[in-house]
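Take a look at the model below.

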Amino acid sequence: KGADAGADAGGPEQPAGPKGWGPGRTLREKRFVVIGILACVSVWFVMVMVMAALPLAVAPRFGYSTSTTIIQLHLAFMFAPCLVNGQLVGRFGAWPVILLGTACMLCSNVLALALGSDLWVFYVVMLLQA
């Protein structure tokens with residue numbers, strides 16, 4: 001029996017996939033992990049800051065129902081692209097779709113800073129953030 005008795009217990013080793021990529025290699029490539037963590041942290045930070053500040057900025061001037069409507073539209077527009085996201089990625093590729101989302105996020109931040117606190121600005125910014 002010896003030391004190699006349990007080596008083949010899991011069967012033959014499976015190929016890692018196209019071009020040798022697999023979960024193990026992706027985790028070993030530190031830049032992917034670092035980029036992923038930085039992207040998640042930055043987007044989460046912006047989302048928390050905007051979603052916490054929106055009711056505080058909108059409700060005193062326009063009412064709580066308006067604040068609620070803006071957040072509801074944001075949620076609807078946030079999940080609506082899921083219906084066609086697979087087709088978009090299949091047709092244009094992952095990077096163009098990621099860059100489109102990043103451009104929408106940056107545009108919404110610039111609009112929020114540049115245009116002030118009119119009601120239409122809140123609607124547009126939150127829809128672009130979605």
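This is a predicted model. Begin where two helices touch. On the α4 side, the contact is made by N85, L88, V89 and F92. On the α5 side, their partners are A94, P96 and V97. Sorted by type, the residues of this contact are 6 nonpolar and 1 polar, with no charged residue.

Now the geometry. Helix α4 covers residues 85-92, and helix α5 covers residues 94-115. Their axes lie 6 Å apart and pack at an angle of about 120°.

Next, focus on N85. This residue belongs to α4 and takes part in the contact with α5. Along the chain, N85 and V97 are 12 residues apart. Their C-alpha atoms are separated by 8.5 Å.

Step back to the whole protein. What elements does the protein have? There are 6 helices and 0 strands. In order from the N terminus, the elements read α-α-α-α-α-α. The protein has 130 residues, and 12% of them count as buried. It exposes about 9900 Å², with carbon and sulfur atoms supplying 72% of that area.

Finally, the contact pattern. Consider contacts in the protein with a separation of 6 or more: 50% of them join residues 24 or more positions apart.

Key
Residues are numbered from 1 along each chain as its sequence is written. This is a predicted model: local features need pLDDT of at least 70, side-chain atom pairs count only at pLDDT 80 or more; totals for chains, interfaces and linings use all residues. Side-chain values use heavy atoms; hydrogens and water are left out. Helices (H or I, at least four residues) and strands (E, at least two) are DSSP runs, numbered from the N terminus. Buried means under 20% relative accessible area, exposed over 50%, partly exposed in between (1.4 Å probe, protein chains only). Contact means heavy atoms within 4.5 Å. Accessible areas come from the Shrake-Rupley method with a 1.4 Å probe; for residues, only the protein chains shown count as cover. Axes are lines fitted to C-alpha atoms, for helices over the stretch in contact, and angles run from 0 to 180 degrees between N-to-C directions. Ala, Val, Leu, Ile, Met, Phe, Trp, Tyr, Cys and Pro count as nonpolar, Asp, Glu, Lys and Arg as charged, and the others, Gly among them, as polar.
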